[in-house]
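Hi,

Here is the structure I said I would pass on to you.

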There are 2 protein chains.
Amino acid sequence: MRIGIIGGGGVAQTLGTALIAKGHDVVIGIRQPSSAELAKDRSNARPLAEWVATTGGKVATFSDAARHGEVLINATSGQHSLEALHAAGAAHLAGKVLIDVANPLDFSKGMPPFVLAEFSGPTSLGEQVQAAFPQARVVKAFNTIAAAVMVTPSLVAGEHDLFIAGNDAQAKAVVTEIAKAFGWTGVVDLGDIVGARASESILPVWVRLWMTGGSPILNLKVARAA
Amino acid sequence: MRIGIIGGGGVAQTLGTALIAKGHDVVIGIRQPSSAELAKDRSNARPLAEWVATTGGKVATFSDAARHGEVLINATSGQHSLEALHAAGAAHLAGKVLIDVANPLDFSKGMPPFVLAEFSGPTSLGEQVQAAFPQARVVKAFNTIAAAVMVTPSLVAGEHDLFIAGNDAQAKAVVTEIAKAFGWTGVVDLGDIVGARASESILPVWVRLWMTGGSPILNLKVARAA
């Protein structure tokens, strides 16, 4: 499958590497894919030039990556996601599955980060992405775990769940297939895209469990009535 | 142990009933414990007069319930908690374990409710209660589950966790003992009271899992690195 990833940081690179390993044709999109930009260290990630050299993936503009993908992944920082997706172009998102991995977190006040007010309350980033791009088939997914766990769920012991939410059942089925290819067995469907309010709320919990437990390799399991 | 519960709704009554069954001396505190008030239906709960008749518990003012308790429980609605605790009186909270079960949710925009902006971001209700009553030994606990599950964790199948947070290790030990008496085996310590940001963030997840799964009898289990 042709996959376009919007964003070039650690999450984008980890997902890109794993998707290439599964045989997909991956293009990472960044704002300015100059050779100087590709040589730079990125937040929590190696330079994209190294990613290209080791994986055979490509790096292009936001717009070219979005045009390339049959399935798109928003792996930008949450506070910049809408701007990046507008740069990618609504026409390149229309009709496509858009996996929204981003979280609208504010790290400016130190740790733990918190969910930005403009994307919380009776709204969420996932809902705002869907509202801004009504023809995209947005699925909120993979945003509640570390990048390493997204693509290798067996790093976490025992049963644990991937949370997905979106308005389009077929799009959620596509994302579930991608998740299964990574080894996910527990997929919890939080319903329509309003469910992004729930999965984006997991971030303060996840960060705190990381801080108190010493490792970001963790996840949650939903336990139901006996 | 003498226990004072601030608030007289479903959570207060369920916790009160279970604590009486464990041999504790429980007083529920409400704003105006008149006989007319005790005869009224309460939100998600029966009239307090019935609770008194069936359990042998007592109902008094906020202040008298707080004075009574060696251990106190804040079981009011989150948006009214600080006001109710001020009515209970800082002097009656000083030096005592105060279990904060409340969540600062706004139901005014319909379901799902959301966490009120004034109690989220880089703060939480738990932190604000601790800041308002610096001599109380606040432990955020029991706020991430239905009242029935608080006191009967076996209603949920398999392993699942109770989240606690607070600045005072001894106070957390007291709460852990109460939890164990109810049958809790998994207690996850989220560290100091800043951890309330994490456990209060679980509510949007919990409500969504209820809405999509059809039952509030559910909980989360923390899964760690393999």
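Below are my notes on what turned up, one topic at a time.

First, some housekeeping. This is a predicted model, so local features need pLDDT of at least 70 and side-chain atom pairs count only at pLDDT 80 or more, while totals for chains, interfaces and linings use all residues. Residues are numbered from 1 along each chain as its sequence is written, and chains are lettered from A and ligands numbered from 1 in the order in which they are written.

Let's start where the two chains meet. Here 38 residues of chain A are in contact with 38 residues of chain B (contact means that the C-beta atoms, placed from the backbone, lie within 7 Å). On the chain A side, the elements giving two or more residues are α10 (196-213) and β11 (218-224). Helices (H or I, at least four residues) and strands (E, at least two) are DSSP runs, numbered from the N terminus. The most comes from α10(A), with 10 residues. By class, that side of chain A has 20 nonpolar, 12 polar and six charged residues. For those classes, Ala, Val, Leu, Ile, Met, Phe, Trp, Tyr, Cys and Pro count as nonpolar, Asp, Glu, Lys and Arg as charged, and the others, Gly among them, as polar.

The chains also share some strand pairing: β11(A) and β11(B) pair in the antiparallel sense over seven bridges (strands pair if DSSP finds at least two bridges between them). In that pairing, R224(A) has L218(B) as its bridge partner.

Now look at L190(A), in the loop between β10 (186-189) and α10 of chain A. Is L190(A) buried or exposed? L190(A) counts as buried because it has 25 C-beta neighbours inside 10 Å. The cut-offs are 20 or more other C-beta atoms within 10 Å for buried, 12 or fewer for exposed, and partly exposed in between, with C-beta atoms placed from the backbone. Leaving aside neighbours within four places in sequence, the contacts of L190(A) include F163(A), and also R208(B) and T212(B) from the other chain. F163(A) is 27 residues apart from L190(A) along the chain, yet their C-alpha atoms are separated by 6.7 Å.

Over in chain B, α10(B) is worth a look. Of its 18 residues, 14 are buried, so α10(B) is largely enclosed by the rest of the structure. There is a kink of about 25° centred on P204(B) (the bend is the angle between axes fitted to the seven residues ending there and the seven starting there). Just after α10(B), G214(B) takes a positive phi of about 90°.

Finally, the sheet in chain A. Eight strands form an open sheet with mixed pairing, in the order β3-β2-β1-β4-β5-β8-β9-β10. β3 (58-61) and β10 stand at the edges with a single partner strand each, so one side of each has no neighbour in the sheet. Inside the sheet, β4 (residues 71-74) and β5 (residues 97-100) run parallel, joined by four bridges, and N74(A) has D100(A) as its bridge partner. Helix α9 (residues 169-182) lies across β4, β5, β8, β9 and β10 of chain A, at about 160° to β9(A). Axes here are lines fitted to C-alpha atoms, for helices over the stretch in contact, and angles run from 0 to 180 degrees between N-to-C directions.

Cheers

Technical notes. Contact = placed C-beta atoms within 7 Å.
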